[in-house]
Amino acid sequence: MHLSKKAEYALRATIHLGIATEMGLPVVSGVELADANRLPLKFIERILQELREAGIVETKRGKLGGYTLATAADKIRIGDLVRLMDGRLAPICCASEFAYQRCTCPDEDHCGLRMLMIDVRNAIANILDRYTLAQVVEVTLRKMRRDGIAPPFSTHPGVKNSATPARGKANPADGFLQGLSQLVTAPSDEHQSK
């Protein structure tokens, strides 16, 4: 599976809307979303329009208008967002559950490549469908706080957060599942204060 730029930007925008909600900011302008993600405004606006049409995002008009989540973050599955933007999770069409297309293989039922790609699709779907936007937001905020990074939208309006420097190649220890496991095993704030 290759995540398109459109799906990547949609995920980044919805994660930022979820963070904004957690930070008590009810509405985020398109410009703020584009700036926070270093994305072109026109492209992000087209993506937000699709998310609005799907009932995930809503727009607020007026001087203080912008975008907000229309659906609770704990009801938005990451897999559903990817499917909305990219159509399928399977690496090849004949392995797709929701967007199946016949391939050129002469014996699809006994094709080893198809069987392998069905397992790849299942593994991807099992992860993306297991987690919600709320969980991704929670892990993101916890990691930012742990690392002393000010979360987006946490400062006074008009004050920019400092950008995190580029870190190079991906570190497996920085993955979502690792962050989620730390979240599950970390003692709650209530227990820490006792």
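Predicted model: local features only at pLDDT ≥ 70, side-chain atom pairs only at ≥ 80, totals over all residues.
Of its 194 residues, 34% count as buried.

**Salt bridges**

- Side chains of opposite charge can pair when their charged atoms come close.
- In this model the count comes to 9 salt bridges, and the points below look at some of these pairs in turn.
- In one of them, the side chains of Glu 8 and Arg 12 meet with a distance of 2.9 Å from N to O, and this pair counts as a salt bridge because the cut-off for such a nitrogen and oxygen is within 4 Å.
- Both Glu 8 and Arg 12 lie in helix α1, which covers residues 5-22, and they are 4 residues apart there, about one turn of the helix.
- Glu 8 is partly exposed, with a relative accessible area of 23%, and Arg 12 is also partly exposed, at 26% relative accessibility.
- Another salt bridge links Arg 83 with Asp 80, where the closest N and O atoms are 3.6 Å apart.
- Arg 83 and Asp 80 are separated by about one helical turn, because they stand 3 residues apart in helix α4, residues 78-86.
- Arg 83 is buried, with a relative accessible area of 16%, whereas Asp 80 is partly exposed, with a relative accessible area of 45%.

- Strand β1 (residues 57-60) and strand β2 (residues 66-69) run antiparallel, and 4 bridges join them.
- Within this pairing, Val 57 stands opposite Leu 69 in β2.
- The two strands form a hairpin with 5 residues between them, and Gly 62, which lies in the turn, has a positive phi of about 110°.
- In a regular strand the side chains alternate between the two faces of the sheet.
- Glu 58 and Lys 60 form a salt bridge in which the closest N and O atoms are 3.2 Å apart.
- Lys 60 is partly exposed, with a relative accessible area of 39%, and Glu 58 likewise counts as partly exposed, at 32% relative accessibility.

**How helix α1 meets helix α6**

- Helix α1 packs with helix α6 (residues 133-146) at an angle of about 70°, and their axes are 9 Å apart.
- The two helices are therefore roughly perpendicular to each other, since angles from 65 to 115 degrees count as roughly perpendicular.
- On the α1 side, the residues in this contact are Thr 14, Ile 15, Gly 18, Ile 19 and Glu 22, and on the α6 side they meet Leu 133, Val 136, Val 137, Thr 140 and Leu 141.
- Sorted by class, the contact of α1 with α6 has 6 nonpolar, 3 polar and 1 charged residues.

Note on methods:
Residues numbered from 1 in each chain as written. Heavy atoms only, no water. Buried < 20%, exposed > 50% of the residue type's maximum accessible area, 1.4 Å probe, protein only. Pairing = 2+ DSSP bridges. Axes fitted to C-alpha atoms, helices over the stretch in contact; angles between N-to-C directions. Parallel < 35°, antiparallel > 145°, perpendicular 65-115°, else oblique. Contact = heavy atoms within 4.5 Å. Nonpolar A, V, L, I, M, F, W, Y, C, P; charged D, E, K, R; others polar.
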